[in-house]
Amino acid sequence: MKSNKVRSVTIFIICSIFSLGMYAQTGTIKGVVSYYNDVNRALEGVTVILKSVDGKITYTTLTDIDGQYAFTKLPLNDYLVTAAYNRPVGKRSMADALLMQKSILGQINLTGLQKLAADIDRDGLISQKDFTTLVVNHLAQGNSLPRTWIFEEKLVSFSSLKSMETEPDGEEDTEESRTKPVRERITGIGGTTSGDVGGTFVPESKHETLEFTASTTPVEASTNQEMWLPVRLGENAGLSAMRLVLSYPSDAFEVTAVKTPFDIYHYSLNANQLTIAGITGIGNALSFKQGDVIAQIRVRINGNMEAIQDATLTPMPGSHFVNAQAEKVTTALITPKLISRANATELYANYPNPFAGQTEIAFKIGDAGHTRLEVYDMQGKMVARLLDEVKPTGYYRVDFKAANLKPGTYIYRLSTSGNLPSSLTRVMIITSR
């Protein structure tokens with residue numbers, strides 16, 4: 001009887017030791033996959049990949065709604081953990097380009113994930129080639145970048161039981177912790193998208209909004225004319241980079257050239273859309289005052305008179321401005337709106353001129369509004385007001401009697417306040433009788 005008890009105790013001890021040994025030979029790797037290692041922006045549905053150190057894929061799993069993943073009952077080997085994702089990428093901006101430029105110039109140091117994002121061609125270097133790919137190929141020309149999501153690859157070691165005796169999360173080294181049947185490695189994985197150096201992920205959207213206010217100012221134009229159209233800032237701003245996406249009616253005019261104050265700029269034309277990407281050369285900011293020109297667009301006006309009227313350059317979503325801190329700034333933009341010269345106000349030469357006694361002044365109101373016709377001497381003093389009222393569009397003639405004025409040179413001015421305000425002047429000469 002005593003022999004059977006000893007035998008049972010011996011078998012129990014052996015089984016317990018064997019069982020403990022079996023459990024001690026497995027491990028768990030778990031963690032959270034997140035955007036830029038920010039657990040508040042955990043990524044759901046990411047494929048987490050477990051590889052052997054020679055690169056062979058061993059296991060894969062998907063993250064849950066909280067971005068969590070786990071690999072359990074793993075042999076105690078060394079592993080590489082990374083991830084892959086097919087979710088649409090976010091919007092890259094000139095802020096990303098500015099950070100990349102500052103890194104290339106040695107002005108800032110990027111984090112590990114920022115370096116992954118900036119190394120667009122995946123050659124291990126952040127170079128001018130990467131910068132050009134982002135600014136010219138992607139932001140100016142609208143081409144897709146060669147890669148989308150990029151994730152860290154981390155080494156997780158289970159090379160010996162001794163290496164597991166201290167938990168990575170700071171668990172106290174006790175007899176209980178050393179004999180846990182399963183050992184854990186907490187491994188978070190950070191991800192970003194190619195070119196997204198600033199870490200400001202915004203998913204692709206079909207309903208983007210404009211990031212600044214926009215208004216128009218009228219510009220006279222006539223058919224078959226070539227002219228520069230200015231795009232101005234509506235308020236003071238210090239800017240290091242910009243991206244302008246402008247829609248225009250191609251039946252009214254065609255774009256032939258572009259200029260901006262930025263050291264580096266590129267533009268592209270696609271159907272009826274103009275995209276301009278501009279950035280300073282050394283990461284500094286240009287100081288703009290209200291009304292300063294941010295871009296000039298040379299256009300060739302077409303022969304369709306009806307198409308010209310009210311044709312404008314319309315800012316589109318995707319346009320933005322960036323300051324020296326690589327932050328998007330809200331400002332105001334003023335774009336030109338064409339007014340056909342056929343609808344412009346005109347002031348004609350008085351007849352006769354020179355004259356003694358009386359002359360006739362003719363003019364055309366191209367846009368209905370308040371109209372004034374006044375005469376000034378050469379010292380700028382108004383000597384006569386011939387008209388001061390609202391006038392509809394049309395041709396008008398006004399007789400001016402100069403009996404009370406001395407012979408000499410005078411200026412007559414026509415001022416209107418319609419959609420195309422104007423102030424036109426001409427010279428008249430009064431002679432003695």
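Predicted model: local features only at pLDDT ≥ 70, side-chain atom pairs only at ≥ 80, totals over all residues.
1. Setting aside residues up to four places away in sequence, threonine 260 touches Met242, Tyr265, Ile276, Ile294 and Ala295. A polar atom of its side chain also lies 3.1 Å from the backbone nitrogen of phenylalanine 262.

2. Next, have a look at an open sheet of 3 strands, paired antiparallel in the order E23-E24-E27. Strand E23 (346-347) and strand E27 (394-401) are at the edges with a single partner strand each, so one side of each has no neighbour in the sheet. E23 and strand E24 (residues 358-365) are joined by 2 bridges, and leucine 347 has phenylalanine 363 as its bridge partner in E24.

3. On to charged pairs: the whole structure contains 13 salt bridges. One of them joins glutamate 226 and arginine 298, with the closest N and O atoms 3.2 Å apart. Glutamate 226 belongs to strand E11 (residues 226-233) and arginine 298 to strand E18 (residues 293-301), so this pair ties together parts 72 residues apart in sequence. Glu226 and Arg298 are also linked with Glu254 and Arg300 in a network of salt bridges.

4. Finally, aspartate 38 forms a salt bridge with arginine 41, again with closest N and O atoms 3.2 Å apart. Aspartate 38 is partly exposed at 23% relative accessibility, and arginine 41 is partly exposed at 33%.

Notes. Residues numbered from 1 in each chain as written. Heavy atoms only, no water. Polar contact = N/O pair within 3.5 Å; in protein donor to acceptor, adjacent residues only side chain to side chain. Contact = heavy atoms within 4.5 Å. Pairing = 2+ DSSP bridges. Helix = DSSP H or I, 4+ residues; strand = E, 2+ residues; numbered from the N terminus. Salt bridge = Lys/Arg side-chain N within 4 Å of Asp/Glu carboxyl O. Buried < 20%, exposed > 50% of the residue type's maximum accessible area, 1.4 Å probe, protein only.
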